[in-house]
Amino acid sequence: APEETVTGSFASFISAARPEHLSQTVRQRSKRMILDSLGVGLVGSTTRVFDIALRYCRLYSSVAVSSVYGKPGVKLSPTLAAFTNGVATHSMDFDDTWHPATHPSGAVLPALLAASQMLPPNTKPNGLDFLLAFNVGLEVQGRLMHFSTEAHDIPKR
């Protein structure tokens, strides 16, 4: 049998993930993390660094379909909206954290929201699928952290 690669391991995990794998506790905590991240992002949308990122991204955004935190009616391309909303969240640094210092929701949620907005209306994820995608993103980030030389003391949980 061929040796399994890191990429293959990630792909197997991602393709096998199902909504029913999320326990009630994980669902509740995920909802709280999402609300926390959105709140921090909205506060962050009032910062100077967010304004700078938004002005820059508005210069280069092409397919404007994804929303920007705190700016009703402003849309950017999915990539630039994810970046701008990530800047908003990280500009406050009050969102959830892991050790070593990383903010999982601040990276995953903006990308997930931007990507979901670019989908045709009949293929948008329902709430449970959204929670699954959020948790898969967190898990991938957590697994990637194990490759960090600073991550040797991450709690095993």
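Reply: Start with one term: two residues are in contact when heavy atoms of theirs lie within 4.5 Å. Keep in mind that this is a predicted model.

First, the setting. The chain has six helices and two strands. Along the sequence they come in the order α-α-α-β-β-α-α-α. The chain has 157 residues, and 38% of them count as buried. Take the contacts between residues at least 6 apart in sequence: 60% of these join residues at least 24 apart.

Now the helix itself. Helix 4 covers residues 78-92. Its 15 residues reach 22 Å from the first C-alpha to the last, close to the 21 Å expected at 1.5 Å a residue. Its buried residues are Pro78, Leu80, Ala81, Ala82, Thr84, Asn85, Gly86, Val87, Ala88 and Thr89. What do these buried residues pack against? They pack against helix 2, helix 3, strand 1, strand 2 (75-76) and helix 5.

Look at Ala82 first. Ala82 sits in helix 4. Its relative accessibility is 17%, and the cut-off for buried is under 20%, so Ala82 counts as buried. Setting aside neighbours within four places in sequence, Ala82 is in contact with Pro110, Ala111 and Ala114. Leu112 is 30 residues away from Ala82 along the chain, yet their C-alpha atoms are separated by 7.9 Å.

Asn85 is the next stop in helix 4. Is Asn85 buried or exposed? Asn85 has a relative accessible area of 2%, so by the under 20% cut-off it is buried. Not counting residues up to four places away in sequence, Asn85 touches Ser67, Val68, Tyr69 and Pro110. Pro110 is also on the contact list of Ala82.

Next, see how helix 4 meets helix 2. Two packed helices are described by the angle between their axes and the distance between the axes. Here the axes of helix 2 and helix 4 come within 7 Å and cross at roughly 90°. Angles of 65 to 115 degrees count as roughly perpendicular, so helix 2 and helix 4 are roughly perpendicular to each other. Which residues meet there? From helix 2 come Ser37, Val40, Gly41, Val43 and Gly44, and from helix 4 come Ala88, Thr89, Ser91 and Met92. By class, this contact has four nonpolar, five polar and no charged residues.

Helix 2 also holds Ser30. Ser30 has a relative accessible area of 2%, so it is buried under the 20% cut-off. Apart from neighbours within four places in sequence, Ser30 is in contact with Leu131, Phe134 and Asn135.

Now turn to helix 5, which covers residues 104-117. Its 14 residues should span 20 Å at 1.5 Å a residue, and its end C-alpha atoms are 20 Å apart, so the two values agree. Its buried residues include Pro104, Val108, Leu109, Pro110, Leu112, Ala114 and Ser116. Among the elements that cover the buried residues of helix 5 are helix 2, strand 1, helix 4 and helix 6.

Leu109 shows this cover at one residue. Leaving aside neighbours within four places, Leu109 is in contact with Ile34, Ser37, Leu38, Tyr69, Phe130 and Phe134. Phe130 is placed in helix 6 (residues 127-145). With a relative accessible area of 15%, Phe130 is buried, because the cut-off is under 20%. Phe130 and Ser116 are 14 residues apart in sequence and 8.6 Å apart in space, C-alpha to C-alpha.

Last, the core. In soluble globular proteins, nonpolar side chains tend to be buried together. In this model the largest nonpolar core has 26 residues. Ile34, Leu54, Val68, Leu76, Leu109 and Phe134 touch the most other members. Helix 3 (48-60), helix 4, helix 5 and helix 6 each give two or more residues to this core. The largest share, seven residues, comes from helix 6.

So where does that leave helix 4? Its buried residues pack against helix 2 and helix 5, among others, and helix 4 is one of the elements that give two or more residues to the core.

Note on methods:
Residues are numbered from 1 along each chain as its sequence is written. This is a predicted model: local features need pLDDT of at least 70, side-chain atom pairs count only at pLDDT 80 or more; totals for chains, interfaces and linings use all residues. Side-chain values use heavy atoms; hydrogens and water are left out. Helices (H or I, at least four residues) and strands (E, at least two) are DSSP runs, numbered from the N terminus. Buried means under 20% relative accessible area, exposed over 50%, partly exposed in between (1.4 Å probe, protein chains only). The expected span of a helix is 1.5 Å times one less than its number of residues. Axes are lines fitted to C-alpha atoms, for helices over the stretch in contact, and angles run from 0 to 180 degrees between N-to-C directions. Angles under 35 degrees count as roughly parallel, over 145 as roughly antiparallel, 65 to 115 as roughly perpendicular and the rest as oblique. Ala, Val, Leu, Ile, Met, Phe, Trp, Tyr, Cys and Pro count as nonpolar, Asp, Glu, Lys and Arg as charged, and the others, Gly among them, as polar. A nonpolar core is a set of buried Ala, Val, Leu, Ile, Met, Phe, Trp, Tyr and Cys residues joined through side-chain atoms within 4.5 Å.
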